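Biologist: Please pick one part of this model and take me through it closely. Give me its surroundings first, then the detail.

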Amino acid sequence: MDEKSIKSEILSTSSDERRIYKSRIQKFKKSHFHYVVLLSSIAALQFIAIAFFTRGFLLTRHVLNDLTPPFNNTHTPYEAEFNKAVILIVDALRFDFVIPVESDTANQYYHNNFPVLYDHFVQSNGGTSSDSSILLKFIADPPTTTLQRLKGLTTGSLPTFIDAGSNFNGNVIEEDNLIKQFYENGKEVLFVGDDTWDALFHPFLSNNSEPFESLNVWDLDTVDNGVINFFRDNLINRNEKSHKWDVLIGHMLGVDHVGHKYGPNHFTMKDKQIQVTSFINEIISSLDDDTLLVVMGDHGMDHTGNHGGDSIDELESTLFLYSKRPNAFSESINVDDYSVTNMGKTYKQVNQVDIVPTLSYLLGTPIPFNSLGWPIEEIFNSENGKRSMMRAVLEQLDTYKDKMGIDLEDGFEFDGTKEHTTEQILNRAYLSGDFELAQKYQTKFLEICKNLWARFDYHSIATGVTLMTISTVLLLSVAKVIPSIVIDQMVPEFTPWIIIMTLVSTACFHGIYFVYHQPPFLNSILWSTLFGAAIGIIIGCCIPIFDRYSLGWIFIRFFQDLIADYWTCIGTLVVLMHALLFTSNSFTIWEDKIVSYLLTTFGMLTFYEFVFLPKRQSTTALLTAKISENEGTTSGVSSSVANSNSLPLSRFARLLGGYHSLVLLLCTRLASLITICRGEQGEYCTPTFTNITNYSNWCMILCFLIIFLIPACIKGYYNLTSSYQAAAPIWIDIFLKGILFINFIYWGLTAAENTVSDLDYDFTIIKFTIARIIAGFTLIAVNAGWLMGPLCIKLNVHNTDVKSHQATILGYTNIYGSEYFLLVINTLMALMLYNKPLAQVSIFLMCNQLLSILEIIDLLKLKENIIGPIILGLLSYQQFFSTGHQATIPSVQWDVGFILTDTITFPFTHIAILYNTFGPHILVALSVALLTLWNQPPDVLKPQTLLGRIVSNSGILLAYHSILCLSSFIWVTHFRRHLMVWKIFCPRFLFAALSLIVTQVVVTFGTVAFASSRLITHINNIFWG
Amino acid sequence: MTKKNKNVKKRVTFSDDTTITTHHTHKKKDLDYDRPPVYIRKTITTVPFHLLALLYYYIKVSNNYDTLRLLLTLIPLQIAYLIFQFNRCTIYGNKRLKINIPLLLITIGGSVLLSVPAMVIIILFGAPFVEHIFQTWLLALHASFLAYPALYSVFNCDFKVGLWKKYFIAIMIGGWISCVVIPLDWDREWQVWPIPVVVGIYLGAFVGYSITAYI
């Protein structure tokens, strides 16, 4: 009847207890602050480590957006040789495909099927035909991926993995390039083929261009047939319906796709080559005198048919120039230059950057600003033209050099005479028209630029690796090696030391930097500040630690802790295996499967544990029981319950545990069905995360079902501890269900837009409204609601008569966990919007996995074992892959960036992409506190102890991510000259670094600083306040 | 009441439980009847050399890794191994039990049945579900017939002895480790599913049958 009085009766505490509580909560608040400082300084240390490594490893090229001005009447350095050009790019046309190969070494499938280029070359230069042509070996610059090659071919520069200055979403090349110059000079560029061109050059191409989807490497013919038909319409069978063009570009993908699909050693390669041969014959026969034909490859292919690296096979491609006009070109006098023996090993080669000035000269357009190439000598048929072109190129290189601020003064010598300064060389070349000298100059210049852009900064790399190693060791020491009771006492000492030492060390390094300019690799104030701060943090952390322990002790304890007991061994093994994945490109490629495999292994082991209950159970449990006995119980829980840790699991607990293991296993397997395959996985992987499946009807039905399934699943877990009380129904049944429903509407509309072709209603406004409502509600409103302290307990008065005053608190045992999980639900709601339908299904499975893991860890009494955070970390990786991601740049789902706004707007686009990409990581980083808090009754542990354990678990999770990051640092450096470094290892390193950063931020500021302190104070206030 | 108890007891023992219960009962029995528990003699006779021979046949001799034929050879050899080697080294109490022919046959059926949960486990670990289902089943059959002698002994002890699970674990560990080679891009013909795992479980079984007596 009078609930209030019963409540006060039950919760009443003596004044003594209240006093104890007050002092405890004060202590808690104080040490909480210090813990946050400690964690954030370690976070800062790791960020600095990442910054240093990235600076040293990621090659950047500064892109200038300047444009070479068009020629005018007063300034026309050279006249156009041809008015029109047909450029045919045959993707992956390796040089040995097009030259005759001796029959004893020839491969029947890919050699001697493509004679047309060489035949024409021989005929025209042997004088048996009146046309002229040149065939050259064309050396691509790594990375030999089509996108990078196209950039290189058109800008004449050396694109790196990440071009500084390139913009965030659009792919359009901003810097000056050949196509842009054609466009600026009034040439109509008509294009057909690989749609990468459309992405790169869209504004400069004719509207009649026909791009084709290029990513489907299994499709051998669509693009090629498209190109051939388009050429027939517009060139070969030209009529009045044909489009007007000055430059006709075709990009054929067949040869490349055959390589990717079957490798070169396959009969389809022969068919493809024969097809291209006859196509080129058709083109040649339809050319007129004023049209230049260029046939080239963008890169080669290796023996497996792939490309991307820098092996000779991948770099060697073909360049063929042809004109109907006699003596349009001049062949080199040296016949040996064109020797095709030994697969053309000694054949004359030109750099791919040289195509830009060559075509600029032939078509009479200005040389693009960033070009570093040198015109091919063979194209000049007159000394005059050669000379004027040389001048033009030298001028352009000089402008570029000045604009870039490249200093050539030192280390520039040839002919053994060092006294030539750049100016002198240029003058001499201008005056005397010394073509060779000028070309030497260009070669040197190119080399210097290459070095400038392709030079790893080993000092920075080493600094990054060292700092990361130290930070990982610090994390492990704080989280595991040093007992948490000692850390509790030490933690107030860290703060002053860290602050003082950071200031001192920064000041010192500044001093050294300003006075001596040392160490030389810290070439700015920013970097010397960062370096000083990092050193300061390390010293600040070390002083309190080494005050108490010796290095040797920590070292020994470290290895003892790694093999302390069975589950610790499993945890260590999992981390080691995950970290060692980066030692091989195949393991890195298949990381998605391997991570699920490891997670399944954990599920199997726990299942075995619950079903067969081996003897070790009792021993580990006895150990943990001892600790919790030391903590003591202040009230409520009887000593038998407190000691229940030492008892073997009851049959019900084992049944429950077995069930949870099965749920974990099943959900992991089901989630692993969802995958967006990465290209390297090839035919062994069928992508299930595609636009078609995402917006298919059955997927929408699944999405509809999870509106009810997610709340039901969470409710089930809450009911295990009767925690589905008070705030829980509001959160789970109203908020969560409601949000999921609105979210379903949003994605339903998106699916309708994608699948229904004749939709005459524009959903844009509705979709933005829905998305913004969800975002506002989930990011702000519910979190504010959580701050109010939603409790999931209920007073259950058994007796109707008030006198007996007997009551139980429902949900008492999980009072911490149930409230904390509401915060996780908040994040879950926020995540849902930014994930595509199938990924939402995956996140539903993740919900089950997460809660099952928490229950398993609790049942096996592993709350303080390192296995808990490690398995959660593993879960986040597994879910990263099953929400339609891969550790590659192209698999980032950029399109979700436009859910909240239709343009790139600072926080919204970024939040959306962050939540989409790192959703599982954020969820896990928040949930790591639940390892401690789940099923934690309020009166067993002191608030400070609770916090210590949360920090310890968070520390292990962070250490797991740091070890992965460190391993990726080391291996990406080791493989820096590997073929696949830019395709596999570098993206993986970026991903490791980013996931460490995200986890750090969420754990330090979300989990420890905000949520845990709020929760612990709040609950302690209720019971003793 | 007694009936209920009986039921409960049966359920506990069925799950091959463990060591805690069985040990208790055994200790009791030891005291009562002065009988040592079931154990394997530490002799070289338990080493299953035929598994190595089969592996040699599989890798070197057989044409294109004929997994089915390997299975058909494995079954009689495993039965022979059980009769002539394994059973002779197994001491129940203080005597050897004669081979139980009906149980031998039942165990064959048991092995075939065991292949279903084995297949479930393999699929849970990430084996393809729809395609290659026959190959997966073959692998599961291999695993369960490798465990055949242990399974026979489990039946022979009425599920009461925890010793035999070591054999199952050894086979699983062998398969687990062998998965390492699957993702490697060496493009070898033996990297096809399920060849590496077949080799792995054979090696696991070989090690298991050889050393379990000592651990």
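Modeller: Start with residues 103-127 of chain B, where the chain is 88% helix and 0% strand and the end C-alpha atoms stand 32 Å apart. Bear in mind that the model is predicted. Residues 133-155 of chain B are 96% helix and 0% strand, with 29 Å between the end C-alpha atoms. Both spans carry the UniProt annotation "transmembrane region", which comes from an unreviewed entry. That record also lists residues 38-59, 71-91, 167-186 and 192-214 of chain B.

One helix pair shows how chain B packs. Helix α4 (residues 67-89) and helix α6 (residues 133-146) of chain B have axes that come within 10 Å and cross at roughly 15°. Angles under 35 degrees count as roughly parallel, so α4(B) is roughly parallel to α6(B). Their crossing is left-handed. On the α4(B) side, T67(B), L68(B), L71(B), L74(B), I75(B) and Q78(B) make the contact. From α6(B) come L138(B), L141(B), H142(B) and F145(B).

Now chain A, which holds the part I pick. Its secondary structure comes to 37 helices and 12 strands. Of its 1025 residues, 49% count as buried. Take the contacts in chain A between residues at least 6 apart in sequence: 78% of them join residues at least 24 apart.

The part is strand β9 of chain A, residues 316-323. The sheet around β9(A) is open and has eight strands. Their order in chain A is β6-β5-β7-β2-β8-β9-β3-β10, with mixed pairing. At the edges stand β6 (210-212) and β10 (349-351) of chain A. Each of these has a single partner strand, so one side of each lacks a neighbour in the sheet. Neighbouring strands are turned by 20° against each other on average, direction ignored.

β9(A) sits between β8 and β3 in that order. Take the β8 side. β8(A) and β9(A) pair in the antiparallel sense over five bridges. L292(A) stands opposite S323(A) of β9(A). L293(A) has Y322(A) as its bridge partner in β9(A). Further along the sheet, β8(A) (residues 291-296) runs parallel to β2(A) (residues 84-90), and six bridges join them. There, L88(A) has V295(A) of β8(A) as its bridge partner.

Next, the β3 side. Strand β3 (residues 132-139) of chain A is also antiparallel to β9(A), with eight bridges between them. S133(A) stands opposite Y322(A) in β9(A). Helix α4 (residues 116-126) of chain A packs on the sheet and touches β3, β8 and β9 of chain A. Its direction makes about 130° with that of β3(A).

Finally, burial. A residue is buried if 20 or more other C-beta atoms lie within 10 Å of its own. Eight of the eight residues of β9(A) are buried, and the strand is mostly covered. The cover extends to both faces. On one side the buried residues are E316(A), T318(A), F320(A) and Y322(A). On the other they are S317(A), L319(A), L321(A) and S323(A).

Key. Residues numbered from 1 in each chain as written. Chains lettered and ligands numbered in written order. Predicted model: local features only at pLDDT ≥ 70, side-chain atom pairs only at ≥ 80, totals over all residues. UniProt positions renumbered as here; feature names shortened; annotations may be inferred. Helix = DSSP H or I, 4+ residues; strand = E, 2+ residues; numbered from the N terminus. Pairing = 2+ DSSP bridges. Buried ≥ 20, exposed ≤ 12 C-beta atoms within 10 Å, placed from the backbone. Contact = placed C-beta atoms within 7 Å. Axes fitted to C-alpha atoms, helices over the stretch in contact; angles between N-to-C directions. Parallel < 35°, antiparallel > 145°, perpendicular 65-115°, else oblique. Left-handed = near helix turned anticlockwise from the far one by under 90°.
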